[in-house]
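Let's take a walk through a protein model together. Keep the picture open and follow the side chains as we go.

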Amino acid sequence: QVQLVESGGGSVQAGGSLRLSCSVSGYTYRTYCMGWFRQAPGKEREGVAVLDSGSSIEYADSVKGRFTISKDKGKNPLYLQMHSLKPEDTGMYYCAADPYACSTTWFRAESSDFAYWGQGTQVTVSS
């Protein structure tokens, strides 16, 4: 059974940094698309960044230059390094994984595009 567990969330002031981690277990597929997503209160879930087993990486425009997605050798763990945080970055952050190539619409964060999701970790950025 595939399990994804996020950690590293917290409360920071604007301009601060956080590093999120996603620990993956039970994932036996050789290929993957893995990513970070977030949902702010009252808003729809959105994609933040994805990477795949071919080393392709994509970011949402809103986080380019501030966030970095990476992983250690293999699939575990997946990281999201966040710098220059803004209040609008506040939300629940989720990691997700899928055995297939990243969808061209990954940024929509649709459940159907990723087979496995974590429970989320809260990030709160105060002004």
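A residue is called buried when its relative accessible area is under 20%, exposed when that area is over 50%, and partly exposed in between, using a 1.4 Å probe and protein chains only. What you see is a predicted model, where local features need pLDDT of at least 70 and side-chain atom pairs count only at pLDDT 80 or more, while totals for chains, interfaces and linings use all residues. Residues are numbered from 1 along each chain as its sequence is written, and side-chain values use heavy atoms, leaving out hydrogens and water.

Let's start with charges. Side chains of opposite charge can pair when their charged atoms come close. We'll call it a salt bridge when a side-chain nitrogen of Lys or Arg is within 4 Å of a carboxyl oxygen of Asp or Glu. The whole structure has four salt bridges. How far apart are N and O where arginine 38 meets glutamate 46? The answer is 2.6 Å. Arginine 38 is buried, at 5% relative accessibility, while glutamate 46, at 32%, is partly exposed.

Arginine 38 also forms a salt bridge with aspartate 89, with the closest N and O atoms 2.9 Å apart. Arginine 38 lies in strand S4 (residues 33-39) and aspartate 89 in the loop between strand S8 (78-82) and strand S9 (91-98), so this pair ties together parts that are 51 residues apart in sequence. By the way, strands (E, at least two residues) and helices (H or I, at least four) are DSSP runs, numbered from the N terminus.

Now stay with aspartate 89, which is buried with a relative accessible area of 0%. Another salt bridge joins aspartate 89 to arginine 66, and here the closest N and O atoms are 2.7 Å apart. Arginine 66 sits in the loop between strand S6 (57-59) and strand S7 (67-71), 23 residues from aspartate 89.

Next, the rings. Rings of Phe, Tyr and Trp (its six-membered ring) pair if their centres lie within 6.5 Å; planes under 30 degrees apart are stacked, over 60 edge-to-face, and the rest tilted. A search of the whole structure turns up six aromatic pairs. One of them is tyrosine 27 with tyrosine 29, edge-to-face at 5.2 Å centre to centre and 65° between the planes. Tyrosine 27 is buried at 11%, but tyrosine 29 is partly exposed at 36%. Tyr27, Tyr29 and Tyr116 form one aromatic cluster.
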